[in-house]
Amino acid sequence: MSAPTNPVDRDVAATRPAADDRQASDPQPDATFVGRSPGQLAWLRLRRDKVALVSGGVLIFFILVAAAAPLVEKLYGKGPQERFPELLDRNGFPLGYAGVSGEHWFGIQPGNGRDIFIQVVYGLRTSLMIAFTAAVLTIALGVVVGIVAGYVGGWVDAVITWIIDLALAFPFYIFCFAFVPLAVNQFYGPRDEVSPWFRPGLLVLIFVMFNWTTSARLVRGQVLSLREREFVEAARASGAGLGHILFRQLLPNLWAPILVTFSLNVPALITAEAALSFLGIGVLEPTPDLGRLINDSIRYLRDVPSFTIVGGTTLFLLVLAFNLFGDSLRDALDPKSSR
């Protein structure tokens, strides 16, 4: 005679097969799953953004053309200072339709007979060199000042904030109109030939003086929210020095806003440099420049409109590509972005 079965044991036994079946049906964790860093996730989001791919491709093209300007000149067979007066009529206008031909792709510059294509190539080089140099120096100065002001605080933060407010109060273009001629006259006499690197260097100096405030304020605000975090407290408790905390603990957590600021600062500097050259206080002869090229084309706008269109379109596409790529980069680095 068999012993009576416990009802509890019978219920457990009845439910055990179902549990075993459920465990068998559950998918096993993927052994090939690999975690991704924030940088890798940002790169994946950037690669999926069609606007970023197109604008990035345009930027790479412009940068390569500007960097390889001497090679382009050698292959094209014409230099930026070379003139072709035989292709101009008596009034200084290009023969044919704006002088466009197989040898002069964008035509001939009215008045002086220079090739417009090679002027655009070297003008890109001038604009990008000034903008990138000024942007790097601006970001470097702004990051150092902002991170010190945000972390140290107290009277140091107050003084730096006052200096930032003072710099923002200066009207940029009025200052340039007053400062650039004064600086040129300080180093060169009326009959002296100004060095070709002097005015570009002067523009870089002015851009750094006025633009470091934006990155400094941004970094300062980020540091104010980071300086009380646990990893900073742990570094401080372990006896880490000020330099270690600023540049080894805080700075690696600021790379995203710094990159976005840099990508958006470059097109602003390109526009400012072109505007100053257009107004006659930026880069002058004989250095090729997009802003001055547009200025030279204004007087021929009615008779040779393609001259203005070439320089203006090049500058427009360059700035637009930088702005679109900067916006896409900001969205890719923002984990809360809806894109």
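Reader: Which helix holds phenylalanine 172?

Author: This is a predicted model. In it, phenylalanine 172 sits in helix α7.

Reader: Is phenylalanine 172 buried or exposed?

Author: Take the relative accessible area and compare it with the cut-off. Under 20% is buried. Phenylalanine 172 has 18%, so it counts as buried.

Reader: What does phenylalanine 172 touch, once residues up to four places away in sequence are left out?

Author: Its contacts are Ile206, Phe207, Phe210, Ala272 and Leu276. Take Phe207 as an example of sequence against space. Phenylalanine 172 and phenylalanine 207 are 35 residues apart in sequence, and their C-alpha atoms are 9.2 Å apart.

Reader: Now the whole chain. How many helices and strands does it have?

Author: The protein chain has 13 helices and 0 strands. Read from the N terminus, the run of elements is α-α-α-α-α-α-α-α-α-α-α-α-α.

Reader: What share of the residues is buried?

Author: Of the 339 residues, 42% are buried. Next, look at sequence separation. Among contacts with a separation of 6 or more, 72% join residues 24 or more positions apart.

Reader: How do I read a pocket?

Author: Start with the general idea. Rolling a probe the size of a water molecule over the atoms shows where empty space is left. Then go to the case here. The second largest pocket holds about 290 Å³ of space.

Reader: Which residues lie nearest the centre of the second largest pocket?

Author: They are Leu46, Gly56, Leu59, Ile60 and Phe325, out of a lining of 17 residues. Two or more lining residues come from each of α2 (38-48), α3 (50-67), α11 (255-278) and α13 (305-333).

Reader: Which element gives the most to that lining?

Author: That is α3, with 7 residues. By type, the lining has 13 nonpolar, 3 polar and 1 charged residues.

Reader: What about its faces? Which residues of α3 are buried?

Author: An α-helix has 3.6 residues a turn, so residues three or four places apart point the same way. Now the list for α3. Ala52, Ser55, Gly56, Leu59, Phe62, Val65 and Ala66 are buried. The cover over the buried residues includes α2, α4 (69-76), α5 (116-152) and α13.

Reader: Which residue caps the N-terminal end of α3?

Author: Aspartate 49 does. One of its side-chain oxygens lies 3.0 Å from the backbone nitrogen of valine 51.

Reader: And leucine 53? What does it touch beyond four places in sequence?

Author: Leucine 53 lies in α3. It touches Leu46 and Arg47. Leucine 53 and serine 328 are 275 residues apart in sequence, but 9.3 Å apart in space, C-alpha to C-alpha.

Reader: Now α11. How many residues does it have?

Author: It has 24 residues. From first C-alpha to last it reaches 35 Å, close to the 34 Å expected at 1.5 Å a residue. Just after α11, glycine 280 has a positive phi of about 90°.

Reader: Which peptide bond is cis?

Author: The bond from glutamate 285 to proline 286 is cis, with omega near 5°. Proline 286 is in the loop between α11 and α12 (290-298).

Reader: Take another proline. Is proline 196 buried or exposed?

Author: Proline 196 is in the loop between α7 (172-187) and α8 (198-226). Its relative accessibility is 55%, so proline 196 counts as exposed.

Reader: One last loop. Where is glycine 153?

Author: Glycine 153 lies between α5 and α6. At 10% relative accessibility, glycine 153 counts as buried. Beyond four places in sequence, glycine 153 is in contact with Val148 and Arg227.

Reader: Which helix holds aspartate 157?

Author: Aspartate 157 is in α6 (residues 154-169). Its relative accessibility is 11%, so aspartate 157 counts as buried. With neighbours within four places set aside, aspartate 157 contacts Ala149 and Arg220.

Technical notes:
Residues are numbered from 1 along each chain as its sequence is written. This is a predicted model: local features need pLDDT of at least 70, side-chain atom pairs count only at pLDDT 80 or more; totals for chains, interfaces and linings use all residues. Side-chain values use heavy atoms; hydrogens and water are left out. On a 1 Å grid over the protein atoms alone, a cavity is a set of points where a 1.4 Å probe fits but cannot get out, and a pocket is an open set with protein on both sides within 12 Å along at least five of seven lines; lining residues have an atom within 4 Å of a point. Grid points are joined across faces, edges and corners, and a volume is the space filled by probe spheres set on the points. Helices (H or I, at least four residues) and strands (E, at least two) are DSSP runs, numbered from the N terminus. Ala, Val, Leu, Ile, Met, Phe, Trp, Tyr, Cys and Pro count as nonpolar, Asp, Glu, Lys and Arg as charged, and the others, Gly among them, as polar. Buried means under 20% relative accessible area, exposed over 50%, partly exposed in between (1.4 Å probe, protein chains only). Contact means heavy atoms within 4.5 Å. A polar contact is a pair of N or O atoms within 3.5 Å; within protein, one must be able to donate a hydrogen and the other to accept it, and residues adjacent in sequence count only if both atoms are side-chain atoms. The expected span of a helix is 1.5 Å times one less than its number of residues.
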